[in-house]
Amino acid sequence: MIIWIASYPKSGNTWVRSLLSAYLYSEDGNFNFNLLKKILNFPSKKYLEHFTKDFSDLKKVSQYWIPAQERINLYNENKSIFLKTHSALCTLENNQFTNKQNTQAVIYIVRDPRNVITSIANHYSMNINESYNFMIDSNRILTADKWGSDNFGISDVLGSWSQHYKSWQNIKFAHILNIKYEDLISDTKKTCLEIINFLQKFTNIKINNKKISKTIE
């Protein structure tokens, strides 16, 4: 079953993925960038190319969101699998982004939107007004050709910052843990332990303080 690592862009998703991948998929907690491949992005061509080769029409692609997740869970024999997403918990053309049958839990990372504005402005070479307009756009979609690269994946439905946040907070069919970017900064170890304690409800993950310290280092 899928455990989502979800966030609006520039909110700490890669940081949480880095912590988890180093802790879960290394022997001693030492991080390297190859470990991030253990927690891939969804939606992406890797998971959807079995159903379609045409990713230009997001409305058509959305009909494969659930079938792709069903296939992921089938191949993982219903074990927990972590996936990163920037998508809102949305419905497009009556197609749900995910559902109860495919989602085990959610880790949602939230960052003060005032800081998200400046981070997006810096990342995408915008001025502050452009970044602000990006974040309040209820029709905002991230597309690979404009906002990413060849390995970016497939278009993500964002909506506005507020819509994105509320969409995941309103999830009714899975447990959700909210992580603040600011807490990751102020007390990384405490936040990391909070994540691990949450995951213990769904996985056989163990607490190893030495490994946690190495991961944070």
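A residue counts as buried when its relative accessible area is under 20%. The legends below describe close-up views of a predicted model.

**View A. Ser 167 within helix H8.** Ser 167 belongs to helix H8, which covers residues 161–169. With a relative accessible area of 15%, Ser 167 is buried, because this value lies under the 20% limit. A polar atom of the Ser 167 side chain is placed 2.7 Å from the backbone oxygen of His 164. When residues up to four places away in sequence are not counted, Ser 167 touches Ala 88 and Leu 89.

**View B. Tyr 165 within helix H8.** Helix H8 also holds Tyr 165. This tyrosine is partly exposed, its relative accessible area being 28%. In sequence, 77 residues separate Tyr 165 from Ala 88, yet their C-alpha atoms are 7.7 Å apart in space. Once neighbours within four places in sequence are left aside, Tyr 165 is in contact with Tyr 108 and Val 110.

**View C. Phe 42 and the largest nonpolar core.** The largest nonpolar core has 39 residues, and the members that touch the most others are Phe 42 and Trp 168. Helix H5 (residues 113–123) supplies the largest share of this core, namely four residues. The contacts of Phe 42, not counting residues up to four places away in sequence, include the aromatic residues Trp 4, Tyr 47, Trp 65 and Phe 97. Among the other residues that Phe 42 touches are Ala 68, Ile 72 and Leu 83, as well as Gln 69, Lys 84, Thr 85 and Asp 156.

**View D. The cis peptide bond between Phe 42 and Pro 43.** Phe 42 and Pro 43 are joined by a cis peptide bond, for which omega is about 5 degrees. Pro 43 is located in the loop that runs between helix H1 (13–25) and helix H2 (45–48).

**View E. The buried face of helix H10.** Helix H10 consists of twelve residues, 188–199. From the first C-alpha to the last, H10 reaches 17 Å, close to the 16 Å expected at 1.5 Å a residue. Its buried residues are Thr 188, Thr 191, Cys 192, Ile 195, Ile 196, Phe 198 and Leu 199. Viewed down the axis of H10, these buried residues fall within an arc of 160 degrees, so they line one face of the helix.

**View F. Cys 90 and Cys 192.** Cys 192 is buried, with a relative accessible area of 4%, and Cys 90 is also buried, at 16%. A disulfide requires a pair of cysteine sulfur atoms within 2.5 Å. By this rule, the model has zero disulfides.

**View G. Helix H6 and its N-terminal cap.** Asn 129 lies in helix H6, which comprises residues 128–135. The N-terminal end of H6 is capped by Asn 127, whose side chain places an oxygen 3.1 Å from the backbone nitrogen of Asn 129. Asn 129 is exposed, with a relative accessible area of 57%. Its C-alpha atom is separated by 9.9 Å from that of Thr 118, eleven residues apart from Asn 129 along the chain. The buried residues of H6 are Ser 131, Phe 134 and Met 135. These three cover an arc of only 95 degrees around the axis, which puts them on the same side of H6.

View H. Lys 10 is not a glycine, yet its phi is positive, at about 60 degrees. This lysine is placed in the loop between strand E1 (2–7) and helix H1. Lys 10 is partly exposed, with a relative accessible area of 28%. Glu 93, likewise a residue other than glycine, has a positive phi near 55 degrees. The loop between strand E3 (91–92) and strand E4 (95–96) contains Glu 93. Glu 93 is partly exposed, with a relative accessible area of 49%.

Terms used
Residues are numbered from 1 along each chain as its sequence is written. This is a predicted model: local features need pLDDT of at least 70, side-chain atom pairs count only at pLDDT 80 or more; totals for chains, interfaces and linings use all residues. Side-chain values use heavy atoms; hydrogens and water are left out. Helices (H or I, at least four residues) and strands (E, at least two) are DSSP runs, numbered from the N terminus. The expected span of a helix is 1.5 Å times one less than its number of residues. Buried means under 20% relative accessible area, exposed over 50%, partly exposed in between (1.4 Å probe, protein chains only). The arc is that of the directions from the helix axis to the C-beta atoms. A polar contact is a pair of N or O atoms within 3.5 Å; within protein, one must be able to donate a hydrogen and the other to accept it, and residues adjacent in sequence count only if both atoms are side-chain atoms. Contact means heavy atoms within 4.5 Å. A nonpolar core is a set of buried Ala, Val, Leu, Ile, Met, Phe, Trp, Tyr and Cys residues joined through side-chain atoms within 4.5 Å.
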